[in-house]
Amino acid sequence: MLFHSFAYFTFFPCVVALYFAIPPRHRWALLLAASYYFYAAWKPEYLLLIVASTLVDYLVGLGLGRHREAGARRWLLAASLILNLGLLGVFKYADFFGQSLAGLARALGGGWNVPALNLLLPVGISFYTFQTLSYTIDVYRGDREPERHLGRFALYVSFFPQLVAGPIERSTHLLPELRAERPFDLDRVLSGSSLFAWGLFKKLVIADRAAAFVDAVYADPERFQGPTIIVATYLFAFQIYADFSGYSDMAVGSARVMGIELMENFDRPYAARSITDFWRRWHISLSTWFRDYLYIPLGGNRVVPRRRLFNVLVVFVLSGLWHGASWTFVAWGAYHGVLFALTWALMRVSGEGPSRLGEDARRVLSAILGIPITFHLVVFGWLLFRARDLDHLGLLIHQLGVVSAPSVLDDLTSIGPAPAAALRVELVVLAASVVLLEAVEWLRRHRDELPRSAPLRALAVAGLLCWLVLAARQTHTPFLYFQF
């Protein structure tokens with residue numbers, strides 16, 4: 001069930017009405033039933049995977065609460081890791097590693113072949129697997145007590161707003177939110193609905209419109225010259241941000257309507273002043289997950305610089321692999337790992353900036369130089385991310401050097417059966433919407449510094465809704481992060 005579907009616009013108001021109509025002590029049961037229905041609407045049999053993961057980690061948590069001896073606790077943690085990562089490995093990575101090993105064997109002169117399983121990837125498996133693993137690890141570390149209410153724990157794993165594409169919540173935050181008994185609050189309903197509408201704007205007006213151009217160029221790059229591929233890659237940068245942050249906004253907004261607060265997952269990442277700053281702003285729930293459950297256990301910042309470099313590269317390569325079973329994702333992760341390490345080394349050598357400059361001067365300099373440099377480095381990374389495979393990536397990089405007679409505008413307005421004039425209008429609407437996106441995101445970040453005006457806020461929301469109705473694409477694409 002998609003957030004921007006008629007089914008969800010029917011499903012969600014019914015859930016909210018029942019949620020506030022029944023006694024608070026029974027709300028967990030309603031939300032759990034709604035969450036399982038939400039997921040089963042996609043493929044009912046894969047609901048068994050969520051149930052299996054839930055039961056194992058619930059029992060592991062109880063076992064960790066009973067046993068204090070280190071050996072038993074390690075075995076319990078291992079059981080959780082084996083089941084969860086095993087399911088993820090079979091459904092997401094079995095064919096990738098099998099075919100990669102078979103290709104290596106053929107390259108070395110062997111005849112080894114691995115039959116493909118061709119399993120359909122369960123939607124959201126990477127998200128709910130990491131969410132339930134964080135609970136088990138937290139209990140193992142002693143950071144929280146085991147959750148003894150099976151129903152609430154099952155709801156924590158499967159809470160429908162953030163089930164299939166995050167944010168990846170921690171049990172220390174979400175379980176208390178699900179346990180709290182909050183009355184109906186009109187301000188929260190309006191705030192959540194406004195945030196949902198903002199996410200809908202990002203998805204339907206920007207992401208889906210950009211996808212029409214990006215998909216056409218990347219589907220057949222030999223048709224297009226290098227500047228057109230570059231423009232398509234810039235468009236993809238805004239497509240993936242609007243698509244993924246739009247989903248997160250709709251997830252947070254849906255939960256807020258019911259009085260449940262989810263974590264913020266994006267913080268104007270394209271305004272980052274360095275690669276390290278970018279990863280503090282992009283997909284925050286995943287970045288902090290890898291930091292807390294992989295980078296710090298590997299030694300974090302407490303080790304010698306050479307080992308720290310190794311830790312950074314391991315984290316980013318695995319983060320890239322988390323996004324998809326393809327060497328292009330591994331390359332994208334390694335690319336960001338190298339950039340992250342170089343940024344860290346540069347900051348270490350320079351002492352965060354020339355010592356003779358004051359704090360204000362350094363801040364201005366980092367904005368003037370850091371923001372555009374970081375943005376363009378990130379955009380090049382999206383070229384690796386968007387490529388289908390390494391051969392496709394090689395073709396894209398080759399085409400970057402091709403400059404032919406047609407202009408970029410002519411290239412982009414020849415992508416399909418629609419008239420060139422109509423496609424020019426689409427590009428104008430897309431550009432205006434991106435400007436609006438950046439302006440609103442800036443205002444949201446500085447809202448505490450701006451004068452509060454209810455009429456002005458109502459006018460802004462009304463204007464956004466009008467633009468959403470007028471400019472929303474009639475053809476929609478799936479959320480990009482559903483494939484991860």
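Rings of Phe, Tyr and Trp (its six-membered ring) form a pair if their centres lie within 6.5 Å; planes under 30 degrees apart count as stacked and planes over 60 as edge-to-face. The model examined here is predicted.

**Exercise 1. Aromatic pairs**

Task: State how many aromatic pairs the structure holds, and classify the pair of F3 and Y247 and the pair of Y270 and F375.

Solution. 
1. The structure contains 59 aromatic pairs.
2. F3 is buried, because its relative accessible area of 1% falls under the 20% limit. Y247, at 1% relative accessibility, is likewise counted as buried.
3. For Y270 and F375, the centre-to-centre distance is 5.2 Å and the angle between the planes is 75°, which makes the pair edge-to-face, the limit being over 60 degrees.
4. Y270 lies in the loop between α9 and α10 (275-281) and F375 in helix α14 (residues 359-386), so this pair ties together parts that are 105 residues apart in sequence.
5. Y270 counts as buried at 10% relative accessibility, and F375 counts as buried at 15%.

**Exercise 2. Two helices**

Task: Determine the relative orientation of helices α1 and α2 and describe their contact.

Solution. 
1. Helix α1 (residues 6-21) packs with helix α2 (residues 27-40) at an angle of about 170°, and their axes are 9 Å apart.
2. Because an angle over 145 degrees counts as roughly antiparallel, α1 is roughly antiparallel to α2.
3. On α1, the contact is made by Y8, F11, V15, L18, Y19 and F20; on α2, by R27, L30, L31, A34, Y37 and F38.
4. By class, the contact comprises 11 nonpolar residues, no polar residues and one charged residue.

**Exercise 3. The nonpolar core and a buried arginine**

Task: Which residues touch the most other members of the largest nonpolar core, and is R308 buried or exposed?

Solution. 
1. The largest nonpolar core has 139 residues, of which F160, Y270, W282, W382 and Y481 touch the most other members.
2. Not counting residues up to four places away in sequence, F160 touches Y8, F11, F12, V15, L31, A34, S35, F38 and M258.
3. R308 is located in helix α12 (residues 305-323).
4. At 15% relative accessibility, R308 counts as buried.
5. Apart from neighbours within four places in sequence, R308 contacts Y295, G300, N301, V303 and W344.

Definitions and conventions. Residues are numbered from 1 along each chain as its sequence is written. This is a predicted model: local features need pLDDT of at least 70, side-chain atom pairs count only at pLDDT 80 or more; totals for chains, interfaces and linings use all residues. Side-chain values use heavy atoms; hydrogens and water are left out. Axes are lines fitted to C-alpha atoms, for helices over the stretch in contact, and angles run from 0 to 180 degrees between N-to-C directions. Helices (H or I, at least four residues) and strands (E, at least two) are DSSP runs, numbered from the N terminus. Angles under 35 degrees count as roughly parallel, over 145 as roughly antiparallel, 65 to 115 as roughly perpendicular and the rest as oblique. Contact means heavy atoms within 4.5 Å. Ala, Val, Leu, Ile, Met, Phe, Trp, Tyr, Cys and Pro count as nonpolar, Asp, Glu, Lys and Arg as charged, and the others, Gly among them, as polar. A nonpolar core is a set of buried Ala, Val, Leu, Ile, Met, Phe, Trp, Tyr and Cys residues joined through side-chain atoms within 4.5 Å. Buried means under 20% relative accessible area, exposed over 50%, partly exposed in between (1.4 Å probe, protein chains only).
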